[in-house]
Amino acid sequence: MKNLAERVAKTEASGIRRIFDLAANLANPVDLSIGQPDFDVPAPLKEEAMEAMRQGKNAYTPTQGGRELREKLLATTFKGRKPDELLITGAVSGGLLLGYMALLNPGDEILVPDPYFVMYKQLALMFGAVPVMYDTYPEWKLDAAKIEPLITEKTKAIIVSSPSNPTGAVYSDDELRAVAERVKKHDIIAIADDIYEYFVYDGPLARIRDYCPDHTLTLGGFSKSHAMTGWRVGWAVGPAELIQAMTKFQQFSFVCAPTPMQAAAAAAVDYPMDDFIAHYKKKRDRIYNGLKDAGYDPVKPGGAFYVFTKTPWGTGTEFVEECIKNNLLVIPGGCFSERDTHFRLAYSAKDETIDQGIEILRKLRSR
């Protein structure tokens, strides 16, 4: 169709969708593909949303977000930040879109970790910017010495995701401090995707914003931690000038995050999720040990709910196609990387499903 914009051709269709198409005829697949919690939104938080609706809180909030949620975040998670440094977004995906819109001109460069969450690369291409990959293989480490030579006069930002999708990597204090030094030195923005910040299993979480707060756009939300994936509420915190630019673009796009869900999110800020996280740590150990016992060599993920491991044979795509033939849904690494050598498992599933998946992978270890 001649009327379509050039960005349509520049933006690749999701490889994950192709896998779902291949699996469309499976009756009851062993599903380790979806990055979505297997628990439901806690009942008290559902009640908060419904009560907000009953009270008539169904109209627009201000573009920057409702007062209750903003005040709660500024009093707790972001104590010390100013009101004009906070925007309530349509989840992290909405925050990423607005951040890219505010930062990137055609031809600008943004540093993206490889492996990466699919939106990081595709959004850059949508806006005519250039995603420049920095390599974290084979152990998913953040190496500032390797990143610095990639920074040019065209570099506007670097994506830092910890814990990471698809690898589950959690970066150390030293790794983040070293990258923060480069961010300040070159006067670029670190875009910190903190959507998995609750899912950290082996110690406290270091954050890049602690080392370069005036150069960090932090994005987070409640989709993963509180199972609110369909509620679309998140937040962005950063330099006031950047946040105000993002607010301007939100006025002409999302308008505001869903109002009743903002009320529930305000209650979620200090709602205890420790038992859920402890349960997911057991799942992490279950799938990691199962893969090792089955003859695979995964890097133990420190957070999120993914394992990104090398295929025992063939490309990631070839191996995943064989998995699908054996009723197992996982995602080829090429959907998240410039390489197609790995595959991703999401262990946000019932223990029985994890065990079934491991058994299938054991049989597929050699062919």
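Are W313 and F319 buried or exposed? I looked up both residues and found that W313 is buried and F319 is buried, where buried means under 20% relative accessible area, exposed over 50% and partly exposed in between, with a 1.4 Å probe and protein chains only.

I note that this is a predicted model, in which local features need pLDDT of at least 70, side-chain atom pairs count only at pLDDT 80 or more, and totals for chains, interfaces and linings use all residues. Residues are numbered from 1 along each chain as its sequence is written, and side-chain values use heavy atoms, with hydrogens and water left out.

Aromatic rings. I took rings of Phe, Tyr and Trp (its six-membered ring) as paired if their centres lie within 6.5 Å, with planes under 30 degrees apart counted as stacked, over 60 as edge-to-face and the rest as tilted. The count comes to 17 aromatic pairs. W313 and F319 form an edge-to-face pair, because their ring centres are 5.1 Å apart and their planes stand at 75°. I also recorded one aromatic cluster formed by F39, Y196, F199, F276, Y280, F305 and Y306.

Charges over rings. I required NZ of Lys or CZ of Arg within 6 Å of the ring centre and within 35 degrees of the ring normal. The charged end of K283 lies over the ring of Y280, 5.8 Å from the centre. For R365, the charged end is over the ring of Y296, at 5.7 Å from its centre.

Cysteines. I searched for disulfides (pairs of cysteine sulfur atoms within 2.5 Å) and found zero. The closest cysteine sulfur to that of C323 belongs to C335 and is 13 Å away, too far for a bond. C323 counts as buried at 0% relative accessibility, and C256 counts as buried at 14%.
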